[in-house]
Amino acid sequence: MTIRWGAAARPKQGQEVSGDAYLVIEHNGSTLVAIIDGLGGGAEAARAAIGAVQTVESYVHRPLKEIMERCHTALHGTRGAVMGLLRLSPDSRHASYMGVGNTGIHVLSAQTIKPISRNGILGHRQLPSLLELNYTYDHGDTFILYTDGISTRFMSDTGHIRRGDDPEALAATLLKQYGKTSDDATVVVLTVD
Ligand SMILES: [Mn+2]
């Protein structure tokens, strides 16, 4: 089983830098995906988001819960960020997801897979109790991770969005059709062949 992925992102209208960030890293035959929204906008939001990216890179081999906790610690003194983490292990068809705050994930699958995030902000006060959701996925399942600059109306758009679509094309379409100009917008799509 192989994983194909694509991403599309743009800053809020009038801004030079995005406070969103994402990361896709392969490690030990698995793929770890992070989608991050730094609070507020502009350079300070970007600083928080980049801090989260660097921390995820440093702890990529560790359990999702530990990565989340490390980010929480690393982001103290920044604006803070929200983040979703997805790990796909193609050999076992195992997917695990953990999210803090309002980034989203939508899974196109024959199964009902509806991961949810806990309310909270990395870097602020106390983390919520972290919840890891585990699934076994199928060939052709498509995972869409997005920040709140992408309107969730895309979920009912079965004309544009189909399981097994080319991930790069789908990410570009989602940004174009559903990106809000009033916020930084980022979407990452992964398809498991
Ligand atoms: Mn946002």
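Helix 1 and helix 2 cross in a right-handed way (the near helix is turned clockwise from the far one by less than a right angle). Helices here are DSSP runs of H or I with at least four residues, strands are E runs of at least two, and both are numbered from the N terminus. By class, the contact of helix 1 with helix 2 has 5 nonpolar, 2 polar and 1 charged residues (Ala, Val, Leu, Ile, Met, Phe, Trp, Tyr, Cys and Pro count as nonpolar, Asp, Glu, Lys and Arg as charged, and the others, Gly among them, as polar).

A quick word on what you're looking at: this is a predicted model, where local features need pLDDT of at least 70, side-chain atom pairs count only at pLDDT 80 or more, and totals for chains, interfaces and linings use all residues. Residues are numbered from 1 along each chain as its sequence is written.

Back to the helix pair. On one side, G51, A52, T55 and V56 of helix 1 meet I67, R70, C71 and A74 of helix 2 (contact means C-beta atoms, placed from the backbone, within 7 Å).

Now follow V187. Setting aside neighbours within four places in sequence, V187 is in contact with A7, A8, I144, Y146, I150, A171, L174 and L175.

Finally, look at H160, in the loop between strand 8 (142-146) and helix 3 (167-178). H160 is partly exposed, with 14 other C-beta atoms within 10 Å (20 or more would be buried, 12 or fewer exposed, and partly exposed is in between). Not counting residues up to four places away in sequence, H160 touches T173 and Q177. H160 and T173 sit 13 residues apart in sequence and 7.6 Å apart in space, C-alpha to C-alpha.

Notes. Two residues are in contact if their C-beta atoms, placed from the backbone, lie within 7 Å.
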